[in-house]
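I opened the model today to look up a few local features. My notes are below the display.

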Amino acid sequence: MKHLFHTKLAAAFIIVSLFATSCDTDFANPNNPTEDIIFSSKDGLFALSVGINQYFSTTALRQVIEAPGITTRELGVTNTFLNINDLARGGAELEGISGGITNPWVTLLRAKGMAESLIANVDNAGLSSSTRNSLLAYGNFYKAMCLGHLIQMFEQVPINNSPDGNATFSDRSTVLSECIALLSAARDAISGGVSAEFQANVLGPDRNLLNSVNAFLSRYHLMAGNYTESINSANAVLNTGDAPSMFSYDANNVNPVWNRVNPSASDLRPQTNFGLLGAYVPEAGDGRVDFYLGADAGVALADAGGQAISEMLGFFETQTSPIPIYLHGELLLNKAEAYARSGDLPNAVTELNKVRMKTDDPLGLNANLPAWGGNAGNAGEILEEIYKNRAIEMFLTGTRLEHSRRFHPDFDVPQAANTTNERNRNYYPYPTIERENNPNTPPDPTI
Amino acid sequence: MHYFSPGQIKRWILLFPVLCIAVFAFSQAQNHTIQGTVTSADGEPLIGATVLVVGQQAGTVTNSEGRYTLDVALPPGTYQVRYSYVGFASENRELDLSSGGTRTIDIRLRPDILRLNEVVVTGTGGLTEKRKLGNSIATMQNAEIAGSGAVDVTGALTGKMAGIQVTQNSGDPAAGVSVRLRSASTVNGSSDPLYIIDGVIVNNQSTDVLNVRSVVQNRLSDVNPQDIERIEVIKGGAAAAIYGSRASNGVVQIFTKKGSTGKARVSFSTSINFNSLRKARDFNQVPQHWASTDITDLSKISVTRYDYQDIVFDNSMGTDNYLSVSGGRDNTRFFASASLLDNQGILRGTDFNRVSGRIRIDQILNDWASFSVGTYVARSHSNDKPNGGYGFGVLQTILFTNNMIDPSIDEDGNYPVMTFYPNIYEYIETFDFQQLNNRSISDLQLTLSPVQGLSINYNIGYDNSTSNGTTYVPIGTTTRTLGEARTSTISSTKLNNDLNAAYETDLTDKISSTTAAGYTLQYDKNSVSTIFGSTLALGVQTTDGAGTISTNEFRSERSIWGGYLQETIGFNNKLFLTGALRIDGSSVFGAGERNQLYPKVSGSYVISDEEFWSNSLGSVFSSFKIRAAWGQAGNLTAIGPFDLLTNYSGVSLLGVSGLISPSTIGNPDLKPERQTEIEIGVDMTLLNDRIGIELTYYDQDIEDLLLERSLAPSTGASFRIENIGTMTNKGFEAMITASPIQTRDLKWNITGTFSTNENEVNGVEGEEIGIGNFGFSKARNGEPLGVFRQGYYARNPDGSLLLTPDGRPQREKGSYDSDGNPIPERDADGQPSGTSLVKVIGDPNPDYVASLISDLTYKNWSFRFQFDAVQGFDILSWDKRMFFRFGGGAQEGRELNGEEVRGTGAAKFGIAEAYIEDGSFIKLREVAISYLLSNPLSGINDIRFTLSGRNLFSIDDFSSWDPEVNMDAQSNGSRGGVMGLVPIPRTIKFAVTANF
């Protein structure tokens with residue numbers, strides 16, 4: 001009797017002990033790390049930093065260049081894909097549903113989100129101040145670039161992403177102030193230089209973060225009307241000797257514009273004469289034409305304008321051609337424009353002629369033209385010459401829509417689709433996907 | 001077992017009181033002998049009937065004369081002895097063992113055409129008679145499975161019960177099978193049921209290791225159907241609630257054979273089968289071709305036309321050998337089997353073979369404890385050829401070729417280019433595609449009955465499968481000149497650990513109670529790895545040294561845990577009420593959704609046991625049962641193991657690695673899809689149990705369907721998987737069984753099943769999502785899952801086709817109204833104008849599924865047939881479409897003959913409605929004649945000779961080879977797509993089974 005009791009007790013005990021263990025209720029993903037791993041260490045934040053640049057330079061940059069490039073005729077459309085044809089036709093036909101404007105919106109906000117995650121977590125990993133400041137400046141720089149590119153395309157944009165889907169929008173001046181604040185903070189954080197480890201492991205040999213920050217400060221100060229600050233920021237770069245900073249590519253991360261315009265891609269081609277017409281057509285002998293454009297390549301689709309198109313050279317010639325983060329010529333043009341708009345015409349012409357007569361550009365982008373022969377006492381004429389030089393010098397930098405709007409604010413953009421005007425939209429409508437999911441989306445611009 | 005961490009004992013210590021019930025004491029046992037015979041109502045001995053002392057570990061089966069002898073050692077008292085036999089109502093007899101000695105009990109069993117007295121376990125938590133259940137449950141016995149001639153378990157289920165649709169997705173010998181109980185219950189997950197074999201939750205993954213969709217096997221194909229003793233099937237949430245988050249598609253529980261004590265029994269069977277193409281399809285036989293590509297130029301030249309089907313299809317053979325040995329002595333019983341299956345496909349160069357072995361040992365430890373341990377090992381191998389669906393394939397090459405090219409190899413050893421895919425001879429002669437699968441399934445079950453009425457079952461199951469696929473396309477292949485090699489491995493380990501207890505007691509004379517409780521811990525581990533190489537060196541068949549290599553690897557783990565409590569109260573053994581609660585969780589659920597609760601209630605009322613019934617309607621309805629069940633169950637197949645996390649992706653730029661955020665972010669609130677089902681039904685028998693009828697109506701509401709929804713891009717991401725969709729299923733099932741003739745020499749049983757279902761999807765963001773079939777299959781709000789929504793014919797008001805001025809059909813154009821309905825528009829010439837319109841043009845879900853099975857035995861002869869019908873479903877026939885356009889089809893022949901305007905086929909190629917076909921079919925699924933020779937030689941008990949046919953003919957209007965196959969293989973939502981798929985062959989089989 002006692003024996004049986006003990007046996008049953010033992011059986012019960014064995015069963016209970018088999019269950020007296022519990023299974024894991026959470027498993028880490030060995031294939032993809034999650035935020036908690038990335039945000040808590042220097043290595044994680046460095047990896048995120050590399051990822052931000054990889055995503056921005058291969059994915060977002062394509063949209064940054066392509067959308068305004070089609071709207072302002074830098075690029076001719078050679079395929080029937082709707083998204084690029086929507087942009088080529090523009091006007092009221094370009095609706096919020098179009099992939100042409102949805103793609104830049106989505107990719108820039110995603111890149112901005114990664115930059116915001118980086119900024120938000122620089123103090124969480126217990127880093128040295130030098131490393132922390134380098135990461136902060138880097139995050140601020142990318143966030144400012146994303147915001148800046150967005151505000152060049154849209155009337156209002158959300159300064160901060162919101163995971164809840166209710167991000168609030170800010171107007172142009174507020175956004176530009178934010179860009180300037182982000183970049184100023186970045187500049188101050190790395191005024192003593194970035195950490196050597198950050199330079200080696202994230203930036204690499206081709207990127208100078210401080211110069212890049214100052215170059216974009218110059219751009220955004222100019223857009224905001226802060227002419228003195230724009231000149232000072234440009235000088236901060238020019239005075240350092242100005243080694244170029246580049247987005248670099250490899251076989252698995254190809255130049256995103258080359259990928260769309262190379263001879264075996266059937267999507268887009270640069271327009272002959274940079275898509276410029278009339279008085280803006282480059283002067284004979286302008287070295288920048290042969291720098292950027294190759295042989296004639298036929299015409300764009302008739303429905304998309306049918307313009308003459310050329311083969312692509314310059315910064316988009318090969319699969320791995322590096323793309324400059326900023327151009328030496330832009331800094332000179334920023335100064336010229338800032339002087340011109342603040343009434344200092346002699347200095348404006350001086351800086352303009354530096355661009356026209358350039359033979360020693362760090363990237364070989366040399367106009368090699370004679371000094372400007374226009375009326376040096378007429379601010380309007382000077383600005384027109386600056387616009388023309390921006391359109392040529394800064395070909396496919398994603399800025400021509402902004403320039404066109406700033407120099408030609410009174411240009412009447414028709415509601416009807418138009419495939420040949422200088423621009424066929426002032427601002428893009430907000431993507432439907434944002435409007436349907438974010439109640440704070442502002443009304444669309446009329447054009 | 002690293003995944004079990006020690007600790008948290010306190011959580012389980014609560015179980016202790018339950019288990020301590022085990023420590024009751026017993027009084028001293030005495031020896032007794034019970035003996036007698038078991039016969040049918042007409043006095044015929046029943047061989048193999050079960051005799052069991054209820055609640056004890058004592059039992060036996062009757063011998064060939066229907067006699068039994070049972071020696072038991074039991075304490076004095078009153079016991080119940082149960083006599084049961086398949087197809088007969090079980091009977092209980094009281095047994096008074098107040099003194100020792102021998103008792104003789106002879107018993108006659110009544111037929112039980114509906115098997116209401118059959119004891120089942122699935123969904124009940126313990127052994128329960130069907131009559132007590134409020135839900136329908138279908139069961140199948142060994143004879144029905146083995147007799148079907150199917151080579152896998154799911155094939156054997158076809159047509160055997162109402163509410164099941166089994167689809168063999170390709171006629172390739174290594175193809176997969178889809179099983180749907182009632183209907184689809186998810187959009188993005190799987191609608192295949194949960195399979196349990198001997199207590200092991202088994203892997204039925206579709207393993208795509210070749211990147212050829214049509215030869216994706218399900219892992220249930222590893223299991224040899226000849227080992228199966230019995231299958232129980234419950235079909236929806238109302239019945240399956242106690243299986244929790246994995247059960248909304250229903251549960252198929254499989255029990256394999258066990259040994260019995262006595263002389264060892266040896267069974268050997270061998271068969272040979274012959275496979276052939278059931279139907280060749282039409283092709284272009286007009287020996288002419290257009291002289292010009294200008295469709296207005298009707299001049300022709302002479303050409304030779306080829307029938308490529310003759311080249312790629314061939315008659316083939318297969319063999320199947322099976323040996324089992326079972327027996328036992330005293331307290332030990334064993335069963336062991338080995339099998340060797342070899343089957344060639346009708347597509348040249350394809351085959352499937354499987355070697356398997358199974359061992360089970362049952363050991364009685366003492367009068368209150370026993371255990372059973374079993375293991376199954378299988379290795380299968382197939383030679384495959386790419387075919388079907390996406391990418392290149394043998395039959396796709398035929399579809400895309402104008403059949404005036406002689407495909408034969410030329411003198412220089414070059415294969416002529418046929419189209420943009422390889423030459424058909426290249427696939428057959430030079431390609432090498434193979435799959436190799438290794439599988440082992442093991443279980444250990446410990447059963448304790450420490451006190452009267454209480455049984456405790458502890459069960460551990462382990463299932464390990466590894467599938468490897470290799471593909472090789474040689475360098476120099478036409479259209480694939482660089483050569484390609486691929487190797488892919490999918491490994492899966494599943495472990496389940498279950499404790500179930502059931503306690504039966506009579507509360508009063510009239511009220512009985514059965515309480516069941518259980519707890520389960522489950523763990524899965526999966527990995528996938530693939531290497532793909534192209535630009536191969538001559539003669540290299542692996543990825544080694546390939547010019548371009550890409551790799552893919554994914555590993556995951558998952559755990560599931562849960563417990564249930566179920567109570568059944570019986571009143572007068574006529575009215576039974578059941579209530580149950582299941583709580584479970586999984587590592588794949590969000591932190592806030594870790595505990596999911598699934599309730600169920602059900603009731604059954606055997607109204608025919610009431611006196612008022614037997615006095616009135618009893619002469620017509622010999623039994624009548626009303627049942628109703630309501631319950632909930634979940635489905636977590638649409639949740640990836642890491643979907644709740646925001647998973648960053650690795651990138652590498654200039655040799656430096658980094659991480660980017662995903663476009664689909666994690667959802668920390670993920671929970672399983674939840675089905676709420678109500679089913680009501682009646683089970684009745686008429687005319688002295690000659691006719692049995694089961695009728696069931698069900699209504700399923702599925703909520704929280706997991707769909708990807710768009711996010712505002714200002715969140716920084718684009719998508720998140722959320723529980724936002726809904727689905728409904730309403731359906732009716734009927735099964736009628738009749739035994740019109742039951743004499744000693746002649747017996748005839750006939751069974752018909754019928755089921756119909758209406759499905760509707762809602763809650764899809766943006767109205768619809770594309771789910772396969774090149775995006776033509778949609779999950780669309782207000783429509784059944786998987787409808788085809790695409791372009792359609794422009795028609796005149798009278799419904800005739802509105803032709804172009806040149807006399808060709810054309811696609812409808814116009815605009816959409818504010819509700820999204822297409823509105824045709826006409827220009828001044830009466831021709832369509834506006835944008836090309838789309839609408840729902842077809843539905844792959846059948847109106848109804850039905851079957852008719854007849855079993856006739858006359859003395860030693862038996863004759864059996866089964867018809868399966870699937871009616872009222874549409875097929876998106878890519879076969880038809882390609883034959884409109886590429887010149888090899890009969891359409892081109894009609895245009896060459898001038899019967900139709902040249903260019904008609906090319907126009908139809910662009911109108912999806914033109915290649916929607918009615919797929920309705922009635923197939924003669926099985927027909928068999930067999931002869932049983934008893935005691936032919938000394939030492940041999942019997943030999944059975946069977947000649948059977950499978951899929952001998954089909955009544956259908958389908959233009960291509962077979963309407964039953966599916967391009968997207970086991971896809972849940974994408975059904976009814978047919979493109980270049982190998983048809984299911986016609987099979988004739990001769991089998992000999994001997995028992996020693």
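Entry 1, a threonine in chain B. I note that the model is predicted. I looked up B:T60 and found it in strand β4 of chain B, which runs over residues 59-61. Is B:T60 buried or exposed? I count B:T60 as buried, because 20 C-beta neighbours lie inside 10 Å and the cut-off for buried is 20 or more. I then listed the contacts of B:T60, leaving aside neighbours within four places in sequence: B:V51, B:Y68 and B:L70. I also checked B:A49, which is 11 residues from B:T60 in sequence and 8.3 Å from B:T60 in space, C-alpha to C-alpha.

Entry 2, a sheet in chain B. I traced an open sheet of three strands in the order β47-β46-β48, with antiparallel pairing. I marked β47 (822-824) and β48 (835-836) as the edges; each has a single partner strand, so one side of each has no neighbour in the sheet. I followed β46, residues 813-816, to its antiparallel pairing with β48(B) and found two bridges. B:G814 is opposite B:T835 of β48(B).

I looked up buried residues in α7(A) and noted several, among them A:V175, A:L176, A:C179, A:L183 and A:A186. What covers the buried residues of α7(A)? I found that the cover includes α6 (129-153), β3 (157-158), β4 (169-170) and α9 (209-224) of chain A.

Technical notes. Residues numbered from 1 in each chain as written. Chains lettered and ligands numbered in written order. Predicted model: local features only at pLDDT ≥ 70, side-chain atom pairs only at ≥ 80, totals over all residues. Helix = DSSP H or I, 4+ residues; strand = E, 2+ residues; numbered from the N terminus. Buried ≥ 20, exposed ≤ 12 C-beta atoms within 10 Å, placed from the backbone. Contact = placed C-beta atoms within 7 Å. Pairing = 2+ DSSP bridges.
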